[in-house]
Every structure is written in C-alpha cells, then in structure tokens.
Amino acid sequence: MESQRVVVVVEDVGAARAALQWAVRNFIRAGDCITLLHVCPPVRSRRRRRRLRLGGFQLALAFRELCNGIAEAKVEIVVREGEVGETVVATVNQLAATTLVVGLHDKSFLYRSASPYERMKRVGCRVLGIRQHATARDGSFNAELTQIETINLHVPPPKIPFPMFTLPLGVLWRKRSKAKKRK
C-alpha cells in the first residue's frame with residue numbers, strides 16, 4: 001500500500017481538532033505524510049504579521065501532539081498568509097496532496113465562498129469534511145464524515161428570473177354591488 005499525503009486545515013476551533021482526531025483514528029496509516037496547514041489573514045503591520053504567524057505555528061504544534069499516536073508518520077507544519085480558501089487550494093495543489101481534511105463549523109471557509117463548488121473543483125484531491133457532534137457521556141468522541149466529491153460535481157446553471165405581475169385577488173373576484181343587481 002502506498003503512502004498518502006494528507007493535508008489537515010488547522011484552525012482555532014473545536015471542529016478542526018475533531019477532524020484531525022477523526023483522521024488519526026480512522027483514516028491515516030503508518031507511513032503517511034501529514035501536513036498541518038494554518039492560514040493567517042493578510043495584515044500590513046510587521047509586528048502583527050509576526051504575532052499571527054507565531055500563534056498559528058504554536059496552534060499547529062498543539063495539533064501535532066494529536067498525531068503522536070501514529071508510528072512512522074511524517075508530520076509537517078506549514079503556515080501561510082492569505083485568504084483562507086484560495087491559500088488552502090493553492091497549497092494542496094502545490095504539495096500534490098491526496099486528501100484534504102477540513103473541520104466543518106459555522107464559519108468554515110467552505111461556507112464563506114460565493115461559489116464553494118468552483119473552489120473545490122480546483123482541488124486536485126479528495127476532500128473530507130468532518131463535523132463535530134456533542135461528546136457522549138462516557139467521554140467518547142462522536143463525529144460525522146462528509147466526503148465532498150469534486151470529480152463529478154455538477155453545478156446547475158443559474159435560473160433566469162422572470163418578472164411576476166401580481167394582481168390583487170379582490171379585483172378578480174369582486175362582488176357586484178347590491179345596487180347594480182337590482183336594476
């Protein structure tokens with residue numbers, strides 16, 4: 001079995017941590033290469049940029065500890081700056097990854113795009129979206145897997161709106177006045 005290159009998007013939310021935990025337990029094998037990718041927003045200030053990159057690297061180091069259970073797995077940390085969706089797609093294609101693992105949450109970059117299908121079509125690999133559920137009482141981990149198919153994705157063309165002319169119903173079914181009936 002050949003090794004695979006898995007890119008995991010690192011964000012400071014529980015869903016991203018849950019996605020990595022799910023991937024470590026269910027998907028990643030010994031000998032695979034794991035790339036932890038954190039994307040910082042672009043800023044002009046050098047100090048702030050340095051602080052954001054350092055914070056992203058420290059967050060990725062915390063995620064790296066979750067990968068310690070896999071023997072012989074190579075773990076890399078990549079911190080980039082830019083718009084999250086575009087940077088993730090460019091990095092995944094640059095690294096020639098076989099799988100992208102994303103934690104799905106309300107503010108995920110997959111939902112913020114004007115056309116998320118167009119963006120995901122440009123990813124040259126399998127995309128696994130993991131949504132975290134509430135933890136069970138015994139402390140076990142519950143997650144839901146969503147595999148986003150990028151090969152046969154069909155986006156319907158936009159519908160052309162046509163003008164609707166509304167008529168008040170009272171005009172169509174207006175009763176005759178009593179005075180006109182008597183004549």
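Helix 1 buries Ala15, Ala16, Ala18, Ala19, Leu20, Trp22, Ala23 and Val24, where buried denotes under 20% relative accessible area, exposed over 50%, and partly exposed the range in between, computed with a 1.4 Å probe on protein chains only. The structure is a predicted model, in which local features need pLDDT of at least 70 and side-chain atom pairs count only at pLDDT 80 or more, while totals for chains, interfaces and linings use all residues. Residues are numbered from 1 along each chain as its sequence is written, and side-chain values use heavy atoms, with hydrogens and water left out.

The protein chain as a whole provides the setting for this helix. Its secondary structure consists of seven helices and six strands; these are DSSP runs numbered from the N terminus, with helices (H or I) of at least four residues and strands (E) of at least two. Along the sequence the elements follow the order β-α-β-α-β-α-β-α-α-β-β-α-α. The protein chain has 183 residues, and 37% of them count as buried. Of the contacts between residues at least 6 apart in sequence, 74% join residues at least 24 apart, a contact being a pair with heavy atoms within 4.5 Å. The accessible surface of the protein chain is about 12700 Å², and carbon and sulfur atoms account for 52% of that area. Such areas come from the Shrake-Rupley method with a 1.4 Å probe, and for residues only the protein chains shown count as cover.

The geometry of helix 1 may be considered next. The expected span of a helix is 1.5 Å times one less than its number of residues. For the 13 residues of helix 1 this gives 18 Å, which agrees with the 18 Å between its end C-alpha atoms. Two of its residues illustrate what the helix meets. Ala23, a residue of helix 1, counts as buried because its relative accessibility is 0%. Ala23 touches Ile28 and Val101, not counting residues up to four places away in sequence. The C-alpha atoms of Ala23 and Val8 are 8.9 Å apart, although 15 residues separate the two in sequence. Val24, in helix 1 (residues 14-26), counts as buried because its relative accessibility is 17%. With neighbours within four places in sequence left aside, Val24 is in contact with Leu66, Cys67 and Ile70. Val24 and Gly69 lie 45 residues apart along the chain, and their C-alpha atoms are separated by 8.0 Å.

Thr35 belongs to strand 2 and is buried because its relative accessibility is 0%. Beyond its neighbours within four places in sequence, Thr35 is in contact with Arg5, Val6, Val7, Val8, Glu76, Val78 and Leu95. Val39 also lies in strand 2, and its relative accessible area of 11% is why it counts as buried. The contacts of Val39, leaving aside neighbours within four places in sequence, are Arg80, Gly82, Glu83, Val84, Thr87 and Val88. From Val39 to Arg80 the C-alpha distance is 4.9 Å, across 41 residues of sequence.

Rolling a probe the size of a water molecule over the atoms shows where empty space is left. On a 1 Å grid over the protein atoms alone, a pocket is an open set of points with protein on both sides within 12 Å along at least five of seven lines, whereas a cavity is a set where a 1.4 Å probe fits but cannot get out; lining residues have an atom within 4 Å of a point. The largest pocket holds about 270 Å³ of space, the volume being that filled by probe spheres set on grid points joined across faces, edges and corners. Its lining comprises 16 residues, of which Glu11, Asp12, His38, Val39 and Pro41 lie nearest its centre. Strand 2 (33-40) and helix 2 (46-64) each contribute at least two lining residues. The lining divides into nine nonpolar, three polar and four charged residues; Ala, Val, Leu, Ile, Met, Phe, Trp, Tyr, Cys and Pro count as nonpolar, Asp, Glu, Lys and Arg as charged, and the others, Gly among them, as polar.

Glu11 is located in the loop between strand 1 (5-9) and helix 1. Glu11 is buried because its relative accessible area is 14%. Apart from neighbours within four places in sequence, Glu11 is in contact with Ala16, Leu59, Phe63, Gly103 and His105.

A contrasting residue is Ala96, in the loop between helix 3 (84-95) and strand 4 (99-104). Ala96 is exposed because its relative accessible area is 57%. Its phi is near 55°, a positive value in a residue other than glycine.
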